[in-house]
Amino acid sequence: MTLRTLSDKNARVVRLGKLSARRRARDAEAAFVIDGPVLLADALTSGVTVTDVFVDAERLDERTADALDAAEAAGAEVYAVSPDVLRRATDPVHPQAVAAIAMRPVVPAGTLAGARSVLALVGVADPGNAGTLVRSAVAAGFDAVVVTPGTVELLGPKALRASAGALFAVPVVEVDSVETLVATLRDASITTVATTLDAEVDLDAVDLTGPCAVLVGNEAHGLDAELTAMADVRVRIPMAGPVESLNAAMAGTLVCFEVLRQRRAAGVEVATR
């Protein structure tokens with residue numbers, strides 16, 4: 001592995017800082033920042049294009065060195081930088097020893113053709129919730145994730161960390177409106193499932209063994225009434241205690257794993273990675 005030392009004012013280092021801090025910069029370059037050797041290794045294994053890697057050479061343990069070797073073998077440039085650079089680019093409280101710049105994958109809507117289970121994020125605003133939902137969907141064997149405008153940036157630093165690398169394991173399709181979301185899913189013959197408090201049918205009483213998309217809405221407002229009305233299936237999550245509703249990430253996770261439970265019970269093949 002070849003390590004070239006860069007100063008904190010080097011143009012590459014400045015670019016890393018901008019991409020880490022500003023979504024506008026990430027959108028303009030169709031790039032994002034990966035922090036930590038574990039996420040870097042996951043990204044490389046999933047075929048993500050990594051262009052630049054920055055490391056605190058004083059924290060070069062075996063796991064980090066393996067990730068850097070893999071990045072270099074994949075064509076990335078590897079640089080040694082000061083701990084301050086990585087503190088600004090990753091987590092200021094618990095900074096990682098590695099940060100990397102990667103190119104955002106482009107996933108066409110046609111990817112949904114043939115999908116059996118899809119997670120659709122409609123205005124989910126909290127990056128921790130979004131990352132957790134993607135992690136749950138991947139764990140439940142889902143084939144794809146769809147996001148609408150108003151949803152937090154999934155490849156932003158916080159959502160990416162919350163997904164624990166799951167975002168690299170599933171294609172993410174971006175659509176330009178809720179209407180496009182519904183039309184795209186229907187064109188792919190995927191049943192849309194919405195959870196709502198006033199639904200008349202419990203989640204576990206609905207057949208979810210066929211192709212379906214789980215719709216998860218904004219944390220504060222839930223799914224828009226119009227979208228809920230357009231959904232093919234409306235269900236409620238049965239609760240025994242005096243709780244009106246669940247956190248968006250928890251509710252979405254429960255639905256994802258109900259899909260998995262039903263399919264395993266029915267002997268339906270589930271995607272594995």
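Phenylalanine 32 and phenylalanine 168 are both buried, where buried means under 20% relative accessible area, exposed over 50% and partly exposed in between (1.4 Å probe, protein chains only). The model is predicted, so local features need pLDDT of at least 70 and side-chain atom pairs count only at pLDDT 80 or more, while totals for chains, interfaces and linings use all residues. Residues are numbered from 1 along each chain as its sequence is written, and side-chain values use heavy atoms, with hydrogens and water left out.

The structure holds two aromatic pairs; rings of Phe, Tyr and Trp (its six-membered ring) pair if their centres lie within 6.5 Å, and planes under 30 degrees apart count as stacked, over 60 as edge-to-face and the rest as tilted. Phenylalanine 32 and phenylalanine 168 form a tilted pair, at 6.2 Å centre to centre and 35 degrees between the planes. Phenylalanine 32 belongs to strand β2 and phenylalanine 168 to the loop between α7 and β8 (172-174), so the pair ties together parts that are 136 residues apart in sequence. Helices (H or I, at least four residues) and strands (E, at least two) are DSSP runs, numbered from the N terminus.

Nonpolar cores were defined as sets of buried Ala, Val, Leu, Ile, Met, Phe, Trp, Tyr and Cys residues joined through side-chain atoms within 4.5 Å. The largest nonpolar core has 57 residues, of which Ile34, Val53 and Leu121 touch the most other members. Helix α10 (residues 248-266) gives the most to this core, with seven residues. A second, separate core of 19 residues includes Ala115, Val118, Val173 and Val182. Contact was taken as heavy atoms within 4.5 Å. Residues up to four places away in sequence being left out, leucine 121 touches Ala130, Leu133, Val134, Val145, Val146, Val147, Thr148, Thr151, Leu154 and Val216.

In helix α3 (residues 37-45), the buried residues include Pro37, Leu39, Leu40, Ala43 and Leu44. Viewed down the axis of α3, its buried residues fall within an arc of 160 degrees, so they line one face of the helix; the arc is that of the directions from the helix axis to the C-beta atoms. These buried residues of α3 pack against β2 (31-35), β3 (50-55), α4 (62-73), β5 (98-103) and α7 (157-162). Glycine 47, with a positive phi near 85 degrees, follows α3.

Helix α6 (residues 127-139) has 13 residues, which at 1.5 Å a residue should span 18 Å; the end C-alpha atoms are 18 Å apart, which agrees. The expected span is 1.5 Å times one less than the number of residues. Buried positions in α6 include Asn129, Ala130, Gly131, Leu133, Val134, Ser136, Ala137 and Val138. Among the elements that cover the buried residues of α6 are β6 (117-121), β7 (144-147), α7, β10 and α10. At the start of α6, the backbone nitrogen of glycine 128 has a side-chain oxygen of aspartate 126 within 2.9 Å. Glycine 141, which follows α6, has a positive phi near 80 degrees.

Most residues other than glycine have a negative phi. Alanine 164 is not a glycine, yet its phi is positive, about 55 degrees. Alanine 164 is located in the loop between α7 and β8 and is partly exposed, with a relative accessible area of 38%. Serine 189 also has a positive phi, near 60 degrees. Serine 189 lies in the loop between α8 (178-187) and β9 and counts as exposed, at 57% relative accessibility.

Polar contacts are pairs of N or O atoms within 3.5 Å; within protein, one must be able to donate a hydrogen and the other to accept it, and residues adjacent in sequence count only if both atoms are side-chain atoms. Threonine 90, in the loop between α5 (83-89) and β5, is buried, with a relative accessible area of 8%. A polar atom of the threonine 90 side chain lies 2.6 Å from the backbone oxygen of leucine 86. The backbone nitrogen of glutamine 96 is 3.3 Å from a polar atom of the side chain of threonine 90. Beyond its neighbours within four places in sequence, threonine 90 is in contact with Ser20, Asp35, Pro95, Gln96, Val98, Ala99 and Arg161.

Aspartate 198 is situated in the loop between β9 (191-195) and β10 (212-216) and counts as exposed, at 64% relative accessibility. The side chains of aspartate 198 and threonine 196 make a polar contact (2.7 Å). The C-alpha atoms of aspartate 198 and valine 235 are separated by 8.3 Å, the two residues being 37 residues apart along the chain.
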